Amino acid sequence: MVVETRRSGGGGTELVRKVVLGLGYWVQGLRCFPWMAVNFFLKDGLNVDPSTLQILQNLANLPMVAKPLYGVVSDAFYIRGQHRLPYIALGAFLQAVSWLAIAILSPSSITIISIYLLLSNLGASIAEVANDAIVAEVGKQPASSSKKTRSSSSGDLPSFVWMASSAGGVLGNLLVGVAIGRLSLQTMFLFFGLLLAAQFLVTISVHESALGLPKTVTKAGIRKQLSDLSSALKRPEMAHSIIWLAASYAVIPALTGTMFFYQTQYLKIDTSVLGISKVFGQATMLLWGMVYNRHLKSVPPRKLISAIQAMMALFMVSDILFVKGVYKQMGVPDSLYVVILSGVMEVLFFFKILPFSVLMAQLCPPGCEGSLMAFVMSALALAFIISGFLGVVLASSVGVTGDDFSGLPWGLAIQAVCTLLPLFRSSWIHDDTRSKAGSKEE
């Protein structure tokens, strides 16, 4: 495998790179806008129960599990001399087709809308893999690169795209709180489909050489990429870290569908309040990206990720008090709790991904950035699906239905205990303190 670095003007390259990646991650963050509309369509239009809603949400994520395949293909196959931007464009195109079809054809059955949602997530998966690969490649830029490039490789670019995604989430949730009840669901789907079509046009207008990425030429194709990926995954620091992260999500029974019904069906929380809650959560993610970039990049990954895991369990205990009415007795309105603490809790699950992605970029060997990062995201997608189905089982076990939430405190207590379990194996998270010290000595 031959690796050669193509560079253009430093400032121009950085600008184009941030425009392309910023737009890509911003649009993906904005996906909460049509997906919230889908939740209300399934709940109110098709009258599904909490368990069915959660099952449908998780089944729609199946294309995410195949991310390693997309990563291997993008690593191995160039399209007209490019192997990242064409896949981002393809992902935007597939998403645009799916959402425009939902808006124009107005499907009235669960089966048909599920097919369109699967197509949308297929496109999103392909685009995310290519975007993540670019971030990983920039993180591996050689030491001879410019000062700005070195800054990006040390964590600035992951933080930038994290904040771009969070900004999209803030806007999407703000818009959905205003749009639902004022606009038809088809209009919301149409808006997002047209936005994806615009992203497609912008992406095909840029050539990959303008991004200043290393160009990897491989003669062995997919077989070589699979071999490189296999070799990378056999490294203990890589394998153990990925296994721990995936397991830390998979062992937690997700009760998202149940909480959605509890807040909207039982507490009668207004749609605008849910929108504001999600805006608050996304704003918290944006703040997290800024704080991590400025103050926490030097904190050992194991220590930081473990602290986040413990905080997740603490918030679940807080949810128990909320469901039992303790906060309401103290004078805290349900709507205020939903806006602040529920909003933060929803995004806290994703806080671990930012320091972990920076760690993976540092450990990733050159030439398989796309396939490795795709494997990580695939493992997380599978973990979330397992978590979702475990949540359905848990909700059924404690007797939670669309009308009876008396067993929800017990479900949340079990969820909190499960969240603490991965901490007993936190030593599996690679601590790169020694590797950093070694690189400094060199």
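This is a predicted model: local features need pLDDT of at least 70, side-chain atom pairs count only at pLDDT 80 or more; totals for chains, interfaces and linings use all residues.
Which hand does the crossing of H13 and H16 have, left-handed or right-handed? I will come to that pair in a moment.

Some overall values. The protein chain has 20 helices and 2 strands. It runs to 442 residues, and 54% of them count as buried. If we take the contacts with a separation of 6 or more, residues 24 or more positions apart account for 87% of them. The chain exposes about 18700 Å², with 66% of that supplied by carbon and sulfur atoms.

Now the helix pairs. Two packed helices are described by the angle between their axes and the distance between the axes.

Back to the opening pair. Helix H13 covers residues 271–296 and helix H16 covers residues 334–348. Their axes come within 7 Å and cross at roughly 40 degrees. That angle makes H13 oblique to H16. The answer to my question is that the crossing of H13 and H16 is right-handed. By class, this contact has 10 nonpolar, 7 polar and 2 charged residues. If you want to find it on the screen, the residues on the H13 side include Val273, Phe280 and Met285, and those on the H16 side include Val338, Ile340 and Glu346.

The second pair is H6, residues 85–105, with H7, residues 110–138. Here the axes are 7 Å apart and the angle is about 160 degrees. Angles over 145 degrees count as roughly antiparallel, and H6 and H7 are therefore roughly antiparallel to each other. The crossing of H6 and H7 is left-handed. The residues of this contact divide into 19 nonpolar, 6 polar and no charged.

Among the buried ones are Gly257, Met259, Phe260 and Tyr262. Just after H12, Lys268 takes a positive phi of about 60 degrees.

What does Thr258 touch, once residues up to four places away in sequence are not counted? The list is Pro50, Gln54, Ala395, Val400, Phe405 and Leu408.

Ser426 sits in the loop between helix H19 (408–420) and helix H20 (433–441). Buried or exposed? At 17% relative accessibility, Ser426 counts as buried, the cut-off being under 20%. Apart from neighbours within four places in sequence, Ser426 is in contact with Trp244, Arg302 and Ser306.

Pro366 is also in a loop, the one between helix H17 (353–363) and helix H18 (369–397). Pro366 has 54% relative accessibility and counts as exposed. Pro366 and Ala136 are 230 residues apart in sequence, yet 9.3 Å apart in space, C-alpha to C-alpha.

Thr187 belongs to helix H9, residues 185–204. With a relative accessible area of 37%, Thr187 is partly exposed. Along the chain, Thr187 and Pro34 are 153 residues apart, and their C-alpha atoms are separated by 9.8 Å.

To recap the two pairs: H13 and H16 cross in a right-handed way, and H6 and H7 in a left-handed way. That is the end of my part.

Note on methods. Residues are numbered from 1 along each chain as its sequence is written. Side-chain values use heavy atoms; hydrogens and water are left out. Helices (H or I, at least four residues) and strands (E, at least two) are DSSP runs, numbered from the N terminus. Buried means under 20% relative accessible area, exposed over 50%, partly exposed in between (1.4 Å probe, protein chains only). Contact means heavy atoms within 4.5 Å. Accessible areas come from the Shrake-Rupley method with a 1.4 Å probe; for residues, only the protein chains shown count as cover. Axes are lines fitted to C-alpha atoms, for helices over the stretch in contact, and angles run from 0 to 180 degrees between N-to-C directions. Angles under 35 degrees count as roughly parallel, over 145 as roughly antiparallel, 65 to 115 as roughly perpendicular and the rest as oblique. A crossing is left-handed if the near helix is turned anticlockwise from the far one by less than a right angle, and right-handed if clockwise. Ala, Val, Leu, Ile, Met, Phe, Trp, Tyr, Cys and Pro count as nonpolar, Asp, Glu, Lys and Arg as charged, and the others, Gly among them, as polar.
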